[in-house]
Amino acid sequence: MKILTSVAIEPTNHCNFDCVMCYRGERERGYMSWKTFIEVMYQIKKIRTINLIGLNFAGEPLLHPNFLEMINYINSQKDFRIVLQSHFPFVALKRGYSIAFTTNGSLLMPEKFDALNGKVDRIQISIDGSKEDTEKQRVGSSYDTIKRNALYAIFHKMPNTKIAIHATKTTQTQESLKKFKSDWQNADEVTIIDAHNENLVRSSRLPQLSLYCHELNHYLVVLWNGDITTCCGDLAGRNICGNLFNGGISKGTKPGSLCKECNIYR
Ligand code: SF4
Ligand code: SF4
């Protein structure tokens, strides 16, 4: 049953880090233009069941010079959205959108966080265990900066903004991650997933749904240049199946080459 409920918008696939586990691949790098962003929002508004917008995909979203304007624009859209629920009454109405994004934390300085605070439902910050492990895995990072920014966010956030701290487990980090959950106990959520590769991302997020792909039925991604892909694991753009300016999001998505290698689809 294809009913779109969430869309990821990729402000940019540029990044200021070069992590060892990153699989963005060689896809052309760029920044979403304001015209493309407005077109995405125009098309999203026409599909009433979309109520969650993820404002990141590959890359570091806070590098986009208009990131805050994007958040403000989404928040200014107050039309009613239809929320599908798994419990009675199965459908609810909600004004406006829920917004979430993931960041490597390096650019979430206190003044940037203050500008976003209360305007975003969930911010996920990636940190990989100890200072030594984080800086080894996240090449180009400063653990002290990320930690300072994350702590500021945790202790200054408004009640409607959740802060999630997220780690990627590899053979390098598994030891220092043993006390990760207690180290970050003041965050709203702490998650650890196995090291990224396209298959692990999918299997860790959707462990039981072996015959039903949530991504293909309820989700799509609009990349910075307007290309459309199916899957939260498709950072490299292997499943691109359309473009915003040629068919658009209402055309939906279809399985691509990545799906043929995926436990969920085959
Ligand atoms: S922070 Fe994310 S997007 Fe940037 S290099 Fe690391 S894994 Fe890739
Ligand atoms: S690769 Fe295809 S089948 Fe697998 S999760 Fe992504 S969209 Fe679904």
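These exercises work through a predicted model of a protein chain with a ligand.

Residues are numbered from 1 along each chain as its sequence is written, and chains are lettered from A and ligands numbered from 1 in written order. Local features need pLDDT of at least 70 and side-chain atom pairs pLDDT 80 or more, while totals for chains, interfaces and linings use all residues.

**Exercise 1. Find where pLDDT stays under 50.**

Step 1: pLDDT is the predictor's confidence in each residue, from 0 to 100. The chain mean is 91, and 93% of residues reach 70 or more.

Step 2: The stretch under 50 is residues 198–209. The model has 22 contacts for this stretch beyond four places in sequence. Two residues are in contact if their C-beta atoms, placed from the backbone, lie within 7 Å.

**Exercise 2. Describe how domain 1 and domain 2 touch.**

Step 1: Take the bounds, which come from an automatic or database domain assignment. Domain 1 is 1–101 + 197–266, and domain 2 is 104–196.

Step 2: Their centres, taken over C-alpha atoms, are 22 Å apart. The contact takes 21 residues from domain 1 and 23 residues from domain 2.

Step 3: On the domain 1 side, helix H2 (67–76), strand S5 (98–103) and helix H7 (198–205) each supply at least two residues. S5 gives the largest share, four residues. Helices (H or I, at least four residues) and strands (E, at least two) are DSSP runs, numbered from the N terminus.

**Exercise 3. Identify the core residues that touch the most other members.**

Step 1: A nonpolar core is a set of buried Ala, Val, Leu, Ile, Met, Phe, Trp, Tyr and Cys residues joined through C-beta atoms within 7 Å. Buried means 20 or more other C-beta atoms within 10 Å of the residue's own, exposed means 12 or fewer, and partly exposed lies in between; C-beta atoms are placed from the backbone.

Step 2: The largest core has 45 residues. Val7, Ile9, Ile53, Ile125, Val221 and Val222 touch the most other members.

Step 3: Strand S9 (residues 219–222) gives the most to this core, four residues.
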